[in-house]
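Please follow the side chains of this structure through their contacts, beginning with the aromatic rings and ending with the charged groups.

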Amino acid sequence: MAKEVSPGVLALRKVVDDVHADARKAKAEGKLVGWSSSKFPCELAAAFDLDVMYPENQAAGIAANRDGEIMCQAAEDLGFDNDICGYARISLAYAAGKRAARKFDPETLEYIIDPNSGKPLKDENGKVVMGEDGKPVKDPKTQQPYTVLVDIHEIEAMPDGPLKDKYWESIKPYRQMRIPQPDFLLCCNNICNCMTKWYENIARMCNIPLIMIDIPYNNTVEVHDSNVAYVRAQFDAAIKQLEELTGKKFDEKKFEQACANANRTASAWLRVCDYLQYKPAPYSGFDLFNHMADIVTARAKVQAAEAFELLEKDLEQAIKEGTTTTPFPEKYRVMFEGIPCWPKLPDLFKPLKANGVNVTAVVYAPAFGFVYEDLDGMARAYYKAPNSVCIEQGVAWREGICKDNKVDGVLVHYNRSCKPWSGYMAEMQRRFTADLGIPCAGFDGDQADPRNFNAAQYETRVQGLVEAMEQNAANKEG
Amino acid sequence: MSIELMMKQFQDIANNPNKQLADFKAAGKKVIGVLPYYAPEELVYAAGMVPMGMWGSNKKTISRAKEYCATFYCTIAQLALEMLLDGTMDQLDGLITPTICDTLRPMSQNFRVAIGDKIPTIFLAHPQNRFADWGLKFCMDQYNDVRKMLDKISGHEMTDEDIRKAIKVYNASRAARREFVKLANEHCDVVTPTLRSAVLKASWFMLKDEYTEKLTELNEELKKLPAANWKGVKVVTSGIVCDNPKLLAIFEENHIAIAADDVAHESRAFRTDAAEEGDPMLALAKQFANIDYDVLLYDPASSSNRRGEFVANLVKESGAQGLILFMQQFCDPEEMEYPYLKKALDEAGIPHIKLGVDQQMRDFGQASTAIQAFADVL
């Protein structure tokens, strides 16, 4: 599905590329580079001009690049159970120095191509060329070397020379496999408590400081003053730790600018998300998944705000022209509940496309579209992550976007990696159906480990959902 | 009373929490269910009510809880919900739902929703940044909420003095349990793994003053015995719960004694005392802050391997030759800490095995083989 890429999307890609390039440059210059959980208040790090990378995005990127399994396996070989979150396993393996690399011959230093890789070769008429064995011939241009695991500490210990250089070069070149090792850690466990132990482990592996902002679970929709006071005090403590780490004073102006940028980005993000309310939608929720990296990585940067505003203009134009980037006519609209199965995006998309099902609502929209006015507001905003809120808030968020974005059903990902996210999903499904009169279908999957996804089960569940939505539509008409 | 008879009494209690609940209710007491981890039971006691620990069950099968939980959830939490749904815990007057791990966070919602108006739930979220004044303050705020809810259930307001008294009762109980653990090591020929587990488990189902009285009596009798001439091996156990009678029987079949434990349901729950003077709410918050070397709690000195080394030292100091880790299935915190526990044990030259366990386990063939092989190595 060759898509024309809009200026807004291109601008967003550049923003993230730049963030990564800046971090690599900072590391090369001997400056500090941090790793941060996705919903740590990035405004604090921005006040110190710190370069920060995001292991959750990194893991999603590695998984989408089909290296989730080899990295998860590497973590398991280090002793981390395969029950642990796939993002955490990928990140822990990376922190330990493990990298997915391209296999080469140590004698010739030539890459060794995996004959099973690559796409079928097509002739000038676009027809697949068949080989003598009756199988499609692979296009050599698309073939890749075998993937193997290497260890940067072992490479570092090698004597200098062409072999060592080749090992460094063999590490997969995509940006998520090339992020610098951390000098400090910023952990906020509003996403999950697994984060706490995940970052403690990295701190131990790399012997680096960890700055921790703890968000205890909340049982009420409102965030009480006691909780706000606790988080505010932690902001102050984190600032002190960052001052010690950097040897710089907290720059209030830079902080205020970062807050203003973060609010502007979040507002633009929300407006972009709201374009999914149009029927038919000018794009698919799957595109929104792809912009997760942008909102997480660059929320406090003005370039991110500008790029989302540009995307907003693209979408406005699309509405005027009646175009959409969804490569099929939209027959049904669903909410996709949970994190996508990054290694299996094509498999996720296939039965949706076949049945005209467009994803027009994702929970990430409210999860990252938070705007605040002051420090108390900021503390309250960071208190509300998808996995730190009570069931009433969780249901209200989702039912809000289900109504606004006019969905006909809900597709629920029981994510083997994410216990907190899947934790009250069964009850939520019952409420969606009771409150909104829409069918729900659940499937088993994983955000990063491809071994936990079964395409056949998924297709059957999508089919079941489509039939239920069909029946619902017929009932309404009848 | 003979040692055997005393331990038999503890065993009866440990094996029949239902009867305990019924007896308390028949005596006109109110009973509060207390889920893992770290709930300030002292407040329940101070309110004149009975706290009853709910750490799942080795006897039940998950059925009704499936309506709420995906398959990959810790069986302790699922079976606690099962008992709330199948009528086992209908007589409870309240339920405290702590939320320190990723399973208990959303499960707190399932508990609240599933039992509806039947039993009031008391929500509790501990702080991980628990040391500074503001961390203590947040913990006290949470505990004050718990206190108010308990007052509502009991129908009267507990005083600070009530809480101070409760702290004294609990400190005495913790001290008695710590002493028992030492005595059980010295007299491991008499205090078998099964009996050791029963004595410690009974504490979750009894009023602590009554428990301490009985346990002190037992401790005194144990002290009179000559030290065991133990020919078998000794291990330290580690994990969340190690009370499965079939697994403990395998220990005994292989002449394995338990020298000490690093188990959430056992020693981790009574390592830390609270101050008996001053503001009792602050004392309880400080007690929580002082809990250390725990897989569930944030360690600000995380760049060193303090917890792993603590457990390795425990093995050495207790005279054990190895460690048996009961890895609770689907328990992220335990799983996350394993590689560094292993590192510390390996560096200290301490052999260990990791056994995957859950409360739905009914076949112990594999565990038996692993434990037997381990005993042979030791």
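Ring pairs join F286(A), F289(A), F328(A), F336(A), W342(A), F349(A), F443(A), F453(A) and Y458(A) into a cluster; rings of Phe, Tyr and Trp (its six-membered ring) pair if their centres lie within 6.5 Å, and planes under 30 degrees apart count as stacked, over 60 as edge-to-face and the rest as tilted. The model is a predicted one, in which local features need pLDDT of at least 70 and side-chain atom pairs count only at pLDDT 80 or more, while totals for chains, interfaces and linings use all residues. Residues are numbered from 1 along each chain as its sequence is written, chains are lettered from A and ligands numbered from 1 in the order in which they are written, and side-chain values use heavy atoms, with hydrogens and water left out.

Over all chains, the whole structure holds 30 aromatic pairs. One of them is the edge-to-face pair of F289(A) and W342(A), with 6.2 Å between the centres and 75° between the planes. Because F289(A) belongs to helix α11 (residues 285-290) of chain A and W342(A) to the loop between β7 (332-337) and α14 (345-354) of chain A, the pair ties together parts that are 53 residues apart in sequence; helices (H or I, at least four residues) and strands (E, at least two) are DSSP runs, numbered from the N terminus. Both F289(A) and W342(A) are buried, where buried means under 20% relative accessible area, exposed over 50%, and partly exposed in between (1.4 Å probe, protein chains only).

In chain B, F251(B) and F326(B) form a stacked pair, 6.0 Å centre to centre with 20° between the planes. This pair links helix α10 (residues 245-253) to strand β7 (residues 322-328), its members being 75 residues apart. F251(B) is buried at 0% relative accessibility, and F326(B) is buried at 2%.

Charged groups supply a further set of contacts: the whole structure contains 62 salt bridges over all chains, each being a side-chain nitrogen of Lys or Arg within 4 Å of a carboxyl oxygen of Asp or Glu. R380(A) and D225(A) form one of them, at 2.9 Å from N to O. R380(A) lies in helix α16 (residues 375-383) and D225(A) in helix α9 (residues 225-246), so this bridge ties together parts of chain A that are 155 residues apart in sequence. R380(A) is partly exposed at 27% relative accessibility, whereas D225(A) is exposed at 58%.

In chain B, D262(B) and R271(B) form a salt bridge whose closest N and O atoms are 2.9 Å apart. Salt bridges with shared partners join D262(B), R268(B), R271(B), R307(B) and E334(B) into one network.
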